[in-house]
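Please keep the sequence and the structure in view while reading.

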Amino acid sequence: MKETAGGSVPKWRSRTLTLLVLAFVANTVAIYAGLFDGRRIAPDDAAMRGRSLWQAHNCQACHQLFGLGGYMGPDLTNVAQDRDPDRLRTFIRYGTGRMPAHPLEDADIDALLAFLGWVGLHGRSQVPAEHVHWTGTYIIPNRP
Ligand code: HEC
């Protein structure tokens, strides 16, 4: 760190530091005072039930949400926005050669889709295209 003659810190540095500290304090106060709470999207009852079903049926063992979960199936963060709901119902109910069938009640499948729809409201998961195999599963890069 280069200092000015006499060893004092240049003004712009102390000003920047003061500004950053003030911004940090203001942000902390805003968060704890709940100023940003209105931006949160509360899940409705169907989405909450879907979340329980998602956990009870261990969907996350094979699927990811925002990059977290198993790697056998595709990331489902935005699937409810991107795909036809009937396609999703068919996948869930009948499975495929690799995905097990989940013969659930219609209402339960709707709840799972409500949950996935709610998940997708929070942003897009960014799986690099080169990590997605043409079958939809992931290619896990070999790390040394
Ligand atoms: C044993 C692993 C496994 C489990 C458990 C599993 N899946 Fe899958 N799922 C897969 C695989 C693999 C695919 C891709 C299937 C294919 O293309 O043949 C898939 C595909 C899907 C798709 C279609 C995605 C698309 O791109 O259209 C949906 C929706 C889906 N799964 C939802 C679920 C839900 C909901 C659960 C829990 C009830 C679940 N899966 C449990 C492995 C699994």
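## The shell around the ligand

Helix H4 (residues 85-94) supplies the largest share of the shell around the ligand, namely 4 residues; helices (H or I, at least four residues) and strands (E, at least two) are DSSP runs, numbered from the N terminus. This is a predicted model, in which local features need pLDDT of at least 70 and side-chain atom pairs count only at pLDDT 80 or more, while totals for chains, interfaces and linings use all residues. Residues are numbered from 1 along each chain as its sequence is written.

Of the 26 residues around the ligand, those that come nearest are Cys59, Cys62, Gly73, Thr96 and Met99, where a residue is near a molecule or strand if its C-beta atom, placed from the backbone, lies within 6 Å of it.

## Helix H1

Helix H1 (residues 11-32) has 22 residues and reaches 32 Å from its first C-alpha to its last, close to the 32 Å expected at 1.5 Å a residue; the expected span is 1.5 Å times one less than the number of residues. H1 is hardly covered, for the count of buried residues among its 22 residues is 0. Here a residue is buried if 20 or more other C-beta atoms lie within 10 Å of its own, exposed if 12 or fewer, and partly exposed in between, with C-beta atoms placed from the backbone. Gly34, whose phi is positive, near 80°, follows H1.

## Packing of H2 against H5

Helix H2 (residues 45-56) and helix H5 (residues 106-120) pack at an angle of about 100°, with their axes 7 Å apart. H2 is therefore roughly perpendicular to H5, a term that covers angles of 65 to 115 degrees, whereas those under 35 count as roughly parallel, those over 145 as roughly antiparallel and the rest as oblique. Axes are lines fitted to C-alpha atoms, for helices over the stretch in contact, and angles run from 0 to 180 degrees between N-to-C directions.

On the H2 side, Ala46, Ala47, Arg49, Gly50, Arg51, Leu53 and Trp54 meet Asp108, Asp110, Ala111, Leu112, Ala114, Phe115 and Trp118 in H5, contact requiring C-beta atoms, placed from the backbone, to lie within 7 Å. The residues of this contact divide into 9 nonpolar, 1 polar and 4 charged.

## Gly120 and its partners

Gly120 lies in helix H5 and is partly exposed, with 18 other C-beta atoms within 10 Å. Leaving aside its neighbours within four places in sequence, Gly120 is in contact with Thr77, Asn78, Ala80 and Gln81. Between Gly120 and Gln81 there are 7.0 Å from C-alpha to C-alpha, although the two are 39 residues apart in sequence.

## Positive phi in two loops

Most residues other than glycine have a negative phi. Asn58, in the loop between H2 and strand E1 (64-65), has a positive phi near 60°, and Asn58 is exposed, with 12 other C-beta atoms within 10 Å. Phe66, in the loop between E1 and strand E2 (68-69), likewise has a positive phi, of about 50°, but Phe66 counts as partly exposed because it has 16 C-beta neighbours inside 10 Å.

Conventions:
Two residues are in contact if their C-beta atoms, placed from the backbone, lie within 7 Å. Ala, Val, Leu, Ile, Met, Phe, Trp, Tyr, Cys and Pro count as nonpolar, Asp, Glu, Lys and Arg as charged, and the others, Gly among them, as polar.
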